[in-house]
Amino acid sequence: TLFLDPKWRKEGNGYLLSKSRFLFMAAFRERFNDKVVAEMRGVIDEHGYSPFWESLGKRFFAMEFSRADYLCGTGQKAFIAALMPKHPLYVDFLTPETRAVIGQVHPQTAPARAILESEGLRYEGYVDIFDGGPTLESYVSEIRAVRDSRVLPVRLGTPSTEGPLYLLSNDRFTQFRALLAHISLSDVAVVLSAETAAALHVTAADTVRFVPLFAEEK
């Protein structure tokens, strides 16, 4: 999960934080399941009011939404299985306000959802049991940044700044680094500036993983 302070939501920082995770998955596929899921924040107002929780969750959990959300965030999820009903719940029994927010994201979460959907994650009808927010999912192998990423040796030089931005990373498990940069490509090497190579903790003897930041850019 991630949360980016509003004052840093610029210069591609959101894209970097979201998509760099996929390069890590690409480098260490054996450490991940075949499918990845992303739980998106549902509709909640500035006072913490969640229509979905008030209409559904609150009737089964004797606590406020903030408390239930905190317990889940700290890994204490046993109470969900213990208290939720064992039979299907009919959406038609919920209020119109509640039905309207099922599968919808918080306005501030809409950009994050768009980023994930551009990488191939899709809403398949599953929602969060607390706020009704959508769960996006995809097979890891089908995520654009995983599927299209390449690995080539590093060559130090002065890359062109006219082309698209690339997402780059080293493939080190305990010292993983990722960043956005302009690069120049050949069939045998990636040309990086000395500054970019230093930030990635790589030298001309190493390799880097890279993929265009956006799907339409090759």
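Biologist: Thanks! Where does R99 sit, in which helix?

Modeller: R99 is in helix α5, which covers residues 96-101. Keep in mind that this is a predicted model.

Biologist: Is R99 buried, partly exposed or exposed?

Modeller: R99 counts as partly exposed, because its relative accessibility is 33%, which falls between the 20% limit for buried and the 50% limit for exposed.

Biologist: And what does R99 touch, leaving out residues up to four places away in sequence?

Modeller: On that count, R99 touches V91, D92 and L94.

Biologist: How far apart are R99 and E30?

Modeller: Their C-alpha atoms are 39 Å apart, and in sequence R99 and E30 are 69 residues apart.

Biologist: OK, let's zoom out. What does the secondary structure of the protein chain come to?

Modeller: There are eight helices and nine strands in the protein chain. The chain has 218 residues, 40% of which count as buried. Its C-alpha atoms fill a box of roughly 65 × 35 × 25 Å along the principal axes.

Biologist: Nice. What is the strand order in the open sheet of three strands?

Modeller: The order is β1-β3-β2, and the pairing is antiparallel. β1 (35-39) and β2 (122-127) are the edge strands, each pairing on one side only. From one strand to the next, the twist averages 35 degrees.

Biologist: How many bridges join β2 to β3?

Modeller: Three bridges join β2 to β3, the strand of residues 134-139, and the two run antiparallel. In that pairing, R122 stands opposite E137 of β3.

Biologist: Which helix packs on the sheet?

Modeller: That's helix α6, residues 110-118, which touches β1, β2 and β3. The direction of α6 makes about 20 degrees with that of β3.

Biologist: Now for α1 and α6: at what angle do their axes cross?

Modeller: The axes of α6 and helix α1 (residues 13-27) cross at roughly 40 degrees and come within 11 Å. The two helices are therefore oblique to each other, since an angle under 35 degrees would be needed to count as roughly parallel. The crossing of α1 past α6 is right-handed.

Biologist: Which residues make the contact?

Modeller: α1 contributes G14, Y15, S18, K19, R21 and F22, while α6 brings I115, L116 and S118. Sorted by class, the contact between α1 and α6 has four nonpolar, three polar and two charged residues.

Note on methods
Residues numbered from 1 in each chain as written. Predicted model: local features only at pLDDT ≥ 70, side-chain atom pairs only at ≥ 80, totals over all residues. Heavy atoms only, no water. Pairing = 2+ DSSP bridges. Helix = DSSP H or I, 4+ residues; strand = E, 2+ residues; numbered from the N terminus. Axes fitted to C-alpha atoms, helices over the stretch in contact; angles between N-to-C directions. Contact = heavy atoms within 4.5 Å. Parallel < 35°, antiparallel > 145°, perpendicular 65-115°, else oblique. Left-handed = near helix turned anticlockwise from the far one by under 90°. Nonpolar A, V, L, I, M, F, W, Y, C, P; charged D, E, K, R; others polar. Buried < 20%, exposed > 50% of the residue type's maximum accessible area, 1.4 Å probe, protein only.
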